[in-house]
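Hi,

Here is the structure I said I would pass on. Have a look at it first, and then read my notes below.

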Amino acid sequence: MTPAHPNRLVVAFGTLLALVAFVFADVAGSPAIDPFQAPAPVALGSGQAPGGAHCSQL
Amino acid sequence: MLTTRLVLLVLPLLLAGAVFSTAGPRSALLLLVGVGFGLVLEGLRFGFAGPWRLAVTERDGRGVIAQLVAIGLTALIAIPLLDFAPGELAGAHAPIGLAMIGGAFVFGAAMQIVMGCGSGTLVNAGSGNLAGAVALVGFIIGSFAGTLHLDWWTSLGSLPVLTIQDLAGSNGGLAATLAGLLAIAVIFFRRSDPGKRLPPGRLWVAAVLLAVLAVLNLVIAGQPWGIVYGLGLWGAKAAQAGGMDVAANVFWSNPTNTGRLNQSVLTDFTSLTNFGIVVGALVAMRWRPVLAKQVTNFAASGWASIVIAGLLLGYSARLAFGCNVGAFFSGISTGSLHGWVWFAAAFAGSFYGIRLRPILLRLAESRQAIGRAA
């Protein structure tokens, strides 16, 4: 008897829903983003130093 | 089917619109870049772990050569761009160290056990692979755990950050990078069986599209494509929500990381492209008229191996300053020498992971068959 596993749609949409729920909870608990402080749409040409975080950084 | 595909077309745009209204244009653009990554990786079957395995077991170097082409094309634009706008763009530059090498080795082994690397785990989860979804949970916990011990591991010994641009200048560094990639491609080409040397058209298209998306990531975010930081941040946020004083840790007390921890996850660039990869993979999977089968009929010990390998993937990637994306793809394409060392160590680890996989991931059916035969 082979154990039943959820099909791909269930797993894929389950993953997506879990991420959406996480983002909702996180946004609700975080300070609102000031649109005047939001970074320029594109970093190149913005004159702003790169301020993001990356896995290569200590 | 038409209705389904219309919904699939609208879904990423709706999500990008929601992100735009919440976090601004850069975040929305990065989500869409991530969707592009997911579409290319799942839609054109471009991977990292699988081609490494095929190169060893089947003498089929086509997938690895396609990876090297994608990295080379990215470097062709990224290295001059970094020289042109050093105040606005940053490379994936990290130090070579003992823990970094060990981390890359373990990552290479673990990615063969779960058959998914950093991007592959996200793609697998997004395309409905149950083992991928389970591994992703382990990856998140592991990469967060790695941040808690990173200072200790790096104190074991590491060199300063070295880039090929520092050694040979921008033009010389680009030439050396392309020559290095070509040399490795030639090795894989020569070691592959006839008929398994030149990538098929699908992989050439994928390599070009990945390079375009990687450059867009750099231009929009100001930093290269990455995976692991975002996953560790998700783990940190979950731990913080559970009452843990995450900010007291050395890694998370760094002002950059504290900022990410206290701001919405929609302001973190790697998180946004990670979300996009899951969405893009889901769209590519559902776009096909027939769903692929769920191939996860593992014995209980196999599932335990996937969880442990997922944890190791995250933990080791953190120590290695990135996974196949942040260290290998983005490290080499932006001139970091740690990317080359990462590749050598991870490929060696992958060699052992390929042998461990059939031992650890026994199928439930085969166990039953053994029981019946006995």
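**Aromatic pairs**

Searching the whole structure, over all chains, turns up 24 aromatic pairs. Bear in mind that this is a predicted model.

One of the pairs is F37(B) with W225(B): the ring centres are 3.7 Å apart and the planes sit at 5°, so this pair is stacked. F37(B) belongs to helix α2 of chain B and W225(B) to the loop between α9 and α10, so the pair ties together parts 188 residues apart in sequence. Both F37(B) and W225(B) are buried.

F188(B) and F347(B) pair up edge-to-face, at 5.6 Å centre to centre with 75° between the planes. Here helix α8 of chain B supplies F188(B) and helix α16 supplies F347(B), so parts 159 residues apart in sequence are tied together. F188(B) and F347(B) are buried too. Ring pairs also link these two into a cluster, with F328(B), W342(B) and F343(B) among its other members.

**Helix α15**

F328(B) is also one of the buried residues of α15(B). After α15(B) comes G335(B), with a positive phi near 95°.

**Where A meets B**

At this interface, 42 residues of chain A contact 73 of chain B. The buried area is about 4500 Å², with 67% of that from carbon and sulfur atoms. I get 16 residue pairs in polar contact between the two chains. The side of chain A touching chain B has 26 nonpolar, 14 polar and two charged residues. The rule finds one salt bridge across the interface: D26(A) with K237(B), closest N and O atoms 2.9 Å apart.

Cheers

Key: Residues numbered from 1 in each chain as written. Chains lettered and ligands numbered in written order. Predicted model: local features only at pLDDT ≥ 70, side-chain atom pairs only at ≥ 80, totals over all residues. Heavy atoms only, no water. Buried < 20%, exposed > 50% of the residue type's maximum accessible area, 1.4 Å probe, protein only. Helix = DSSP H or I, 4+ residues; strand = E, 2+ residues; numbered from the N terminus. Contact = heavy atoms within 4.5 Å. Buried area = accessible area lost by both parts, 1.4 Å probe. Salt bridge = Lys/Arg side-chain N within 4 Å of Asp/Glu carboxyl O. Polar contact = N/O pair within 3.5 Å; in protein donor to acceptor, adjacent residues only side chain to side chain. Nonpolar A, V, L, I, M, F, W, Y, C, P; charged D, E, K, R; others polar. Phe/Tyr/Trp six-rings, centres within 6.5 Å; stacked < 30°, edge-to-face > 60°.
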